[in-house]
Amino acid sequence: MTPPPFSLVCPEHRQSVLSLSGDNLICPACGRTFSRNPVPDLLGYVPEENPTAAHYTKQWGSPLGFNRFLEKNKKAELVTMGKQLGWPKLFDNIRRQAETQEVKVFDAACGRGAIFLDLFRAPIPGRLYYLGADIHGALGDIQSPERILGEQAFFVRWDISEPLPVAEKFDYVICRASVHHTPDPARTLRSLKEALKPGGVLAISVYTKKAPMREAVDTALREMIVPLPSEEAYSVCRQLSVLGRDLQKTGAKITISEDLPFLGISSGEHELQSFIYEHLIKCWYNDQFGIEHSTAVNFDWYHPAYAYRFSEDELYSLVEEAGLVVAGFESNKYQHYAELRAE
Ligand SMILES: C[S@@+](CC[C@H](N)C(=O)[O-])C[C@H]1O[C@@H](n2cnc3c(N)ncnc32)[C@H](O)[C@@H]1O
């Protein structure tokens with residue numbers, strides 16, 4: 001059984017708190033057992049059986065080294081979306097609050113543990129309690145500051161499309177860059193809402209809809225790349241990084257003489273690689289990442305099974321449909337960020 005402050009319950013028998021049975025957890029109501037190594041696994045399948053879980057097991061797993069690269073290269077991490085929009089301010093607020101009062105955070109689709117590490121950076125807020133859930137198979141690879149895991153922070157393998165099987169409710173539910181990777185984003189939002197305490201905040205970010213030619217190319221390429229096994233998809237995505245690097249190397253610029261609103265192109269001078277990236281094809285490349293780690297970024301765009309993109313209006317409709325109201329909203333070219341409360 002998970003020690004307080006979180007009690008895992010049976011995904012089937014929601015009133016039944018799981019108890020320890022040797023190396024497993026067991027539901028006292030139905031006798032179903034769940035492995036708890038390296039983290040409690042409340043899903044009924046191995047990551048390889050689910051394309052999204054399989055993708056992110058490769059993306060975050062030790063063998064690829066992308067996680068390690070980002071942890072060691074804080075300057076490189078700064079260019080990722082996680083360091084932009086409302087996230088840094090939200091995390092500062094949570095950390096400040098948790099110095100003096102108990103704050104419970106559910107990090108839904110916690111990925112490689114980046115939010116966990118941000119929240120628990122020194123000095124560690126003494127009254128912060130954290131639960132991270134994800135479907136990938138590399139949760140055991142997440143490195144923790146000393147004495148945090150099992151005391152203030154916990155991880156569980158769970159699908160966030162479904163209500164979290166935990167007895168407690170949360171002050172903050174955070175779902176960064178992940179709702180769009182679930183099969184039914186409206187359902188996911190409804191499930192996340194269920195985890196909120198009254199007055200709690202649900203913070204999300206989702207992909208924006210891009211210029212029409214970029215959307216069309218992305219959709220067509222994803223149709224070809226999504227079905228590929230991870231290794232093959234990764235090597236295809238390497239080609240996009242090489243294209244991005246070589247376009248950048250030209251140093252070329254293009255001047256567009258007037259706004260082309262139908263194409264989502266504005267007049268003025270554009271760097272050639274940025275122009276192609278913004279309007280035609282995601283060929284991401286950054287010198288600090290090099291080809292190898294830039295490829296992980298392109299792979300993250302073209303290979304996951306679901307990658308919905310939203311206009312601002314579409315996101316507002318989705319939020320309303322889930323019975324949530326927008327308390328804060330901002331967008332950049334790539335993602336929308338919203339702080340939501342239950343109606
Ligand atoms: C782009 S990553 C974002 C990770 C993390 N939220 C962050 O911002 O660092 C998307 C994550 O969503 C997770 N994910 C996708 N679908 C999921 C689902 N149905 N349930 C739980 N996690 C899911 C993936 O495994 C992956 O770790």
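Predicted model: local features only at pLDDT ≥ 70, side-chain atom pairs only at ≥ 80, totals over all residues.
1. Let me start with a hairpin towards the end of the chain. Strand E11 (residues 324–331) and strand E12 (residues 335–342) run antiparallel and are joined by seven bridges; two strands are taken to pair if DSSP finds at least two bridges between them. Three residues lie between E11 and E12 in this hairpin. Ser331 has His336 in E12 as its bridge partner.

2. Residues are numbered from 1 along each chain as its sequence is written.

3. Now the overall picture. The protein chain holds eleven helices and twelve strands, where helices (H or I, at least four residues) and strands (E, at least two) are DSSP runs, numbered from the N terminus. Its C-alpha trace spans about 70 × 40 × 35 Å along the principal axes.

4. Of the 343 residues, 40% count as buried (20 or more other C-beta atoms within 10 Å of the residue's own; exposed means 12 or fewer, partly exposed in between, with C-beta atoms placed from the backbone). Among contacts with a separation of 6 or more, 65% are between residues 24 or more positions apart; a contact means C-beta atoms, placed from the backbone, within 7 Å.

5. The chain is divided into domain 1 (46–208 + 312–342) and domain 2 (212–302), with bounds from an automatic or database domain assignment. Their centres, taken over C-alpha atoms, are separated by 26 Å. Eleven residues from domain 1 and eight residues from domain 2 take part in the contact. On the domain 1 side, helix H1 (51–60), helix H2 (66–72) and helix H3 (74–77) are the elements that give two or more residues, and H1 has the largest share, with four residues. That side divides into six nonpolar, three polar and two charged residues (nonpolar: Ala, Val, Leu, Ile, Met, Phe, Trp, Tyr, Cys and Pro; charged: Asp, Glu, Lys and Arg; polar: the others, Gly among them).

6. Strand E4 (103–108) deserves a look. Six of its six residues are buried, so E4 is largely enclosed by the rest of the structure. Val103, Val105 and Asp107 point one way, and Lys104, Phe106 and Ala108 the other way. In a regular strand, side chains alternate between the two faces of the sheet. E4 pairs with strand E5 (residues 128–134) in the parallel sense over six bridges, and Ala108 stands opposite Ala133 in E5.

7. Helix H6 (residues 185–194) has Pro185, Thr188, Leu189, Ser191, Leu192 and Lys193 buried. The cover over these buried residues includes E4, strand E7 (170–175), strand E8 (196–207), helix H11 (312–321), E11 and E12.

8. Last, a three-stranded open sheet: the order is E1-E2-E3 and the pairing is antiparallel. Strand E1 (19–21) and strand E3 (33–35) stand at the edges with a single partner strand each, so one side of each is left without a neighbour in the sheet. E1 and strand E2 (residues 24–26) pair over three bridges, and Leu20 has Leu25 in E2 as its bridge partner.

Notes
Contact = placed C-beta atoms within 7 Å.
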